[in-house]
Amino acid sequence: MKNADELCSLIQEIIDEASGHADEKVDPSTPLLISGLVDSLTIMRIVARVEQRIGISFPETEVVAANFRTPTALWDAIEAVKGASHSEGAV
Amino acid sequence: MTAQGQTSVVENAVASAAKSARSALSRTTGADFRTRWKALAAEGLLSDAPRPPSGRAAGLGPVTTALAGIEGIGLAGAPAGLCYALASQRFGIQCPLRPVLSQEVRHSLGDVAGGDVLLCHALTEEGGGSDPLSMSTSAERQEDGSYVLTGMKAFVTAAPIADVGLVFARTSADRTPFALSAFLVDLRVPEVKRSDPFRKTALTEVPMGSLTFGGVRLAPDRLVGHEGSGLALLTVTTAWERAMLLSYALGPMRRVLERTVDWCKSREHFGRKMGSSHLVAARVADMALALHRSRELVYRMAARLDAGERPRQLAADAALTKISVAEDYVMFTQQATMLGGVRSFIEDSGLCPDLISPMAASTYAGPNDLLRVTVARELGLPVEN
């Protein structure tokens, strides 16, 4: 996964799986929380799927509202986690 | 290491833990819970960085080492409630918190590894624990960044005696995924009231009770992670619990199997050894099957965690492990009860199994029925709790 648009596709995929159909198109600025688009299970599923796709460990302590307001906010958080793990010498 | 080599290394670690535990248990026969806890902790089980196993137990990861330790303690005859309490703190609190807490905060808790400081996991309230977003305990942030904790937690293992609680509380009134936060709460302050121990019927060796927080002031560094990350942390503590908590049953199961086999070999009826009956043999084999399946599943979880798999990635398999071991434990105990005959109901017969505690395993750390819903949902069914 290389950018926020690909992250949007992933989020869309997970929301579609949960609801069985897509009511709303997810773009980088879609408010995920205010619209009630994602519930707690969906959030945890997004985190797990992002970890699998990118091969990072997303710290539990970063699973907070500020990082899930929009796909762009989440992408920024992912980039920050990637940066931190590179600087620690982790893969 | 070959699979066979790994098996014998695990067996050595279990045997070595059992040997030290036997001595710790015999030194503390009849002593209270904390004395026995401390004696067993002295063997290194609760150490975050366990001594690397040497000699014949070398090469095991920290989770597998701790698992072998728990199994060994049970094999040495520690009561199931004590094994449960050790497994619950080690795997349900210490392991998930290790990557999250700074060394400074860990240090501030006191000597957890040595057994001086006892932890508890305070999530469940009178209204239940499986629907955390409905909790009412709240922590209100003050202008100076501290929090004030108010509310009540119920059915908390070790609550009557624990020193520090991992307490989940709401930091937002809304029912959103980010409404919860986790705190490390010193339970020895006057604003924390403890109930008397509940008169429970399962795992009676470890006390359970409720905690009431009457405006407990918490310094900013008592917040675990960031505000709002409580549900994510909870997902991890529960994944660890489901993967590893039932480890406490393995030692007691091995003991019961050993004594049941001895009984079937020595007891005579109809002019022959009881164990020469095919029906008896089949029950013994079913017990061995339940134990084998349970050990394989829990050790597999430990190996995956040692290999660095993220707890949330193995949450679904952890749920299956928990359901399977809990239900096998019940079936196993039923077989032992049948084979013990009337002695199964005579306390000092040496063949009296604890029928209630295995049944209780199906209700804590996520009731098996709700875990089944999780499993089915992961498979794609449109089912919700």
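Student: Why are α6(B) and α8(B) oblique to each other?

Tutor: This is a predicted model, in which local features need pLDDT of at least 70 and side-chain atom pairs pLDDT 80 or more, while totals for chains, interfaces and linings use all residues. Residues are numbered from 1 along each chain as written, chains are lettered from A and ligands numbered from 1 in written order, and side-chain values use heavy atoms, without hydrogens or water.

In chain B, α6 covers residues 230–244 and α8 covers residues 278–306 (helices are DSSP runs of H or I, at least four residues, and strands runs of E, at least two, numbered from the N terminus). Their axes are 8 Å apart and the packing angle is about 135 degrees (lines fitted to C-alpha atoms over the stretch in contact, with angles from 0 to 180 degrees between N-to-C directions). The two helices are therefore oblique, since under 35 degrees counts as roughly parallel, over 145 as roughly antiparallel, 65 to 115 as roughly perpendicular and the rest as oblique.

From α6(B), the residues Trp240(B), Ala243(B) and Met244(B) meet Val298(B), Met301(B), Ala302(B) and Leu305(B) of α8(B) (contact: heavy atoms within 4.5 Å). By class, this contact has 7 nonpolar residues, no polar and no charged (Ala, Val, Leu, Ile, Met, Phe, Trp, Tyr, Cys and Pro are nonpolar, Asp, Glu, Lys and Arg charged, the others, Gly among them, polar).

Asp163(B) forms a salt bridge with Arg34(B), at 2.9 Å from N to O (a Lys or Arg side-chain nitrogen within 4 Å of an Asp or Glu carboxyl oxygen). Asp163(B) is in the loop between β3 and β4 and Arg34(B) is in helix α2, so this pair ties together parts 129 residues apart in sequence. Over all chains the count is 26 salt bridges.

Of salt bridges, 5 cross the interface of chain A and chain B. One joins Arg312(B) to Glu60(A), at 2.8 Å from N to O. On the side of chain A that touches chain B there are 13 nonpolar, 4 polar and 5 charged residues. In contact across this interface are 22 residues of chain A and 20 of chain B.
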